[in-house]
Amino acid sequence: MPSSDIDGGLFAGSVFAAVDIGASSGRVILGRVSGRAGSEGKATLETVHRFPNGVVESDGGLRWNFDALFAEVLTGLAAAASVAGERGETISSIGIDTWAVDYGLVNAAGDLIAQPFSYRDDRSRAAVARVHQKLDPARLYATTGLQFLQFNTIYQLATEKDLDGLQALLIPDLIAFLLTGQRRTESTNASTTGLFDAVAGEWATEFLAALGLPKKLFPPLIQPGETVGTLLPGIAARTGLAEATKVVAVGSHDTASAVAAVPAEHGNFAYISSGTWSLVGVELPKPVLTEASRQANFTNERGVNGTIRYLRNVGGLWLLSECQRTWAQQGYTATLDELLTAAAALPFGGPQINADDPYFIAPDNMPERIRAAVRNTGAVLTDDPAAITRCILDSLAAGYARTIADAERLADVPVDVVHIVGGGSQNRLLCQLTADATGKRVIAGPVEATALGNVLVQARAAGIVSGGLAELRALVRGSQALESYQTALV
């Protein structure tokens, strides 16, 4: 970067493009970072393109329409180039984050051989027992530190046949490959596969061998902040970006980027990345690989700067969004705000469900499935949407509280404050119920933690900001409006 772009630590002239894709939607965002490292800095985001995402029934299973998804990415990057160009700005780099565990298979010629399966497909359920016959679950956990989820990459891969000559590219790495022609696996997402050594920070090649998977099934690892490559000529021509535009590895697992942007002031915090799923945990310097941790189904995933995201998946706002989809089909037209207002008026102590039960993973008439789960507890839940909404949010808050308490105990760390980031941080009722359930102060925001983490890792790679996570988080605090909640229960 020319020295004229940096004046006394102030950044001007360049911006960063963040490709941020979740299970239901995606965006391309322009991020601008100005100011010195730390609390004097500012980071702003501008969404230039939004697009839907979702699974489709195709070729005998639930798959992602990756071809359409990548076309939307290119449309978004073209929009980003246009907006930046109109303002005399240069896009310095592109960072990509998505959900975890899913992958596409690419042949030697670089062709995607089929649209990637979704983790919501049930194909891997039958493979779990076969994997565990070859690799004892306790041994798996002692090496990978990964919580058991039936859709983890290791179980998905066990269903595949004829992998010789193919490579598995996790979804953000697949996008980066199609942009640059370079095959890499970013480490925060690699740590979600069940084939990554949590201590060594390398592929657990003995597990690949034990399962009969090719030793080089995955490309080499790359760390957040390292450059994947520059744009292929055809991509540059299609988007209007310069061929020299870098694609920089960020925390490509969206939760890794979100946790990097948690606006914590000290180390004694828990985080809840609240969206389609809720990822609830603490940040540690090293993994917890004890049998007690395995029995509690906690995971040790890589974070930015080599940290460990010690967390557990808890159900998320998928439950509510699926209910809203069903209600809309039935002609119920209340807005989310109206639903939450009505739910907040209901008394404390209503029925709850286990929000992270695999029973709720697949779509299809979520309100009735929630009511059935309540009936199985011996309680009764009416078909009133407000009552079902309150049940979901009470259940999530209770799950958050249990998970945070377990993390404190298993990792032997105190938690003084809980940070909720992501879409759920806008849900005031959920935030208040979480404060009530945990008995701890809750700080909500930023909503755009994932995109902020993505952009800030790029900005640090470009030399615009410096320092560690504390400096990045100070910049977030100086940029974003946050809201605090205290328990209302006495």
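Helices (H or I, at least four residues) and strands (E, at least two) are DSSP runs, numbered from the N terminus. Keep that in mind for the views below, which come from a predicted model: local features need pLDDT of at least 70, side-chain atom pairs count only at pLDDT 80 or more, and totals for chains, interfaces and linings use all residues. Residues are numbered from 1 along each chain as its sequence is written, and side-chain values use heavy atoms, with hydrogens and water left out.

**Figure 1. The whole chain.** Along the principal axes, the C-alpha atoms fill a box of roughly 65 × 55 × 50 Å. Of the 490 residues, 58% count as buried; buried means under 20% relative accessible area, exposed over 50%, and partly exposed in between (1.4 Å probe, protein chains only). Among contacts with a separation of 6 or more, 73% join residues 24 or more positions apart, where contact means heavy atoms within 4.5 Å.

**Figure 2. Val101 in its loop.** Here you can find Val101 in the loop between β8 (90-97) and β9 (103-106). Val101 is not a glycine, yet it has a positive phi of about 70°. With 6% relative accessibility, Val101 counts as buried.

**Figure 3. Asp412, another loop residue with a positive phi.** Asp412 sits in the loop between α14 and β21 (417-421). Its phi is positive, about 55°, although Asp412 is not a glycine. Asp412 is exposed, with a relative accessible area of 68%.

**Figure 4. Helix α11 and its cover.** Helix α11 (residues 318-329) has 12 residues and reaches 17 Å from its first C-alpha to its last, close to the 16 Å expected at 1.5 Å a residue. That expected span is 1.5 Å times one less than the number of residues in the helix. The buried residues of α11 include Trp318, Leu319, Cys323 and Trp327. Their cover includes α12 (336-344), α13 (366-376) and α14 (385-411). Just after α11, look for Gly331, which takes a positive phi of about 95°.

**Figure 5. Phe66 and its contacts.** Phe66 belongs to helix α1 (residues 66-86) and is buried, with a relative accessible area of 2%. Leaving aside neighbours within four places in sequence, Phe66 is in contact with Leu112, Gln115, Pro116, Ile171, Leu174, Ile175 and Leu178.

Figure 6. Ser273 lies in strand β17 (residues 269-274) and counts as buried at 11% relative accessibility. Beyond its neighbours within four places in sequence, Ser273 is in contact with Thr255, Ala258, Ser278, Leu279 and Val421. Arg309 is found in strand β20 (residues 308-314) and counts as buried at 0% relative accessibility. Arg309 and Thr255 are 54 residues apart along the chain, and their C-alpha atoms are separated by 9.0 Å.

Figure 7. Pro446 itself is in the loop between β22 (441-444) and α16 (449-461).
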